[in-house]
Each structure stands twice: as C-alpha cells, then as structure tokens.
Amino acid sequence: MKAAFQAYSKHGTRTAETPRAAALAFFDAFPSARKCNVIQGETDGHFFTVKYGRASAGMWPTSFKDVTKKTARELPEGPTP
C-alpha cells in the first residue's frame, strides 16, 4: 500500500499522490463541480482506505474541506508528513 490523497464529492472521486494533484484531477474530470474535499489515505490498486486513529496522538489523516477550483492550486505540492 502506498500513501495517496483522494478528492471526492457527490460527483465522484479522483486519487493522486499529492493533495494538489488529486484536486486538480477532480476538477478536470468534473468541470461542473464547485467544490470537493480531499483526504489522506492509502491505495492498493483499486481500493482507497482511510485510517483513523487518536487525534490527540497525531494519528488523524490530513484533510482539506471545501476545496474550490481557485484554492486547489494552493494545496501542498508534495506529500504531507
């Protein structure tokens, strides 16, 4: 399994290695969408899995809410720690 980010909304999903790439791929695939959410997880071929842990221990996945076409370019280019 490798780390990945998934952009999602009611329109569908797109998965990529970075949050910015996932959001840009989402808006390319669904141009009528106004916003999406992006979350960190792991991918193994077709499946995307999000692992939740204790937020107080820093085990919560990185996520970005209400990403628009304009703010998608402001997301991190590389993987977040």
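**Strand β3**

I started with strand β3, residues 35-44. Seven of its 10 residues are buried, so the rest of the structure largely encloses this strand. For my notes, buried is under 20% relative accessible area, exposed is over 50%, and partly exposed is in between (1.4 Å probe, protein chains only). Strands are DSSP runs of E with at least two residues, helices are runs of H or I with at least four, and both are numbered from the N terminus.

I have to keep in mind that this is a predicted model, where local features need pLDDT of at least 70 and side-chain atom pairs count only at pLDDT 80 or more, while totals for chains, interfaces and linings use all residues. Residues are numbered from 1 along each chain as its sequence is written, and side-chain values use heavy atoms, with hydrogens and water left out.

I looked up the partners next; two strands pair if DSSP finds at least two bridges between them.

- Strand β1 (residues 2-9) runs antiparallel to β3, with seven bridges joining them. I found Y8 opposite N37 here.
- Strand β5 (residues 63-68) is also antiparallel to β3, through four bridges. V38 faces F64 across this pairing.
- Strand β4 (residues 47-49) is joined to β3 by three bridges, again antiparallel. D44 sits opposite F47.

I zoomed in on N37, which is in β3. A polar atom of its side chain lies 2.9 Å from the backbone nitrogen of D66. I then listed contacts, meaning heavy atoms within 4.5 Å. Skipping neighbours within four places in sequence, N37 contacts Q6, A7, Y8, F64, K65 and D66.

Y8 belongs to β1. Is Y8 buried, partly exposed or exposed? Its relative accessibility is 26%, so I put Y8 down as partly exposed. With residues up to four places away left out, Y8 touches T13, F26, C36, N37, V38, I39 and K65. I also checked Y8 against K35: they are 27 residues apart along the chain, and their C-alpha atoms are 8.9 Å apart.

**Helix α1**

Last, I went to helix α1 (residues 19-29), where P19, A22, A23, F26 and F27 are buried. Down the helix axis these buried residues fall within an arc of 125 degrees, so they line one face of α1. I took that arc from the directions running from the helix axis to the C-beta atoms. The buried residues of α1 pack against β1, β2 (12-16), β3 and β5.

Methods: A polar contact is a pair of N or O atoms within 3.5 Å; within protein, one must be able to donate a hydrogen and the other to accept it, and residues adjacent in sequence count only if both atoms are side-chain atoms.
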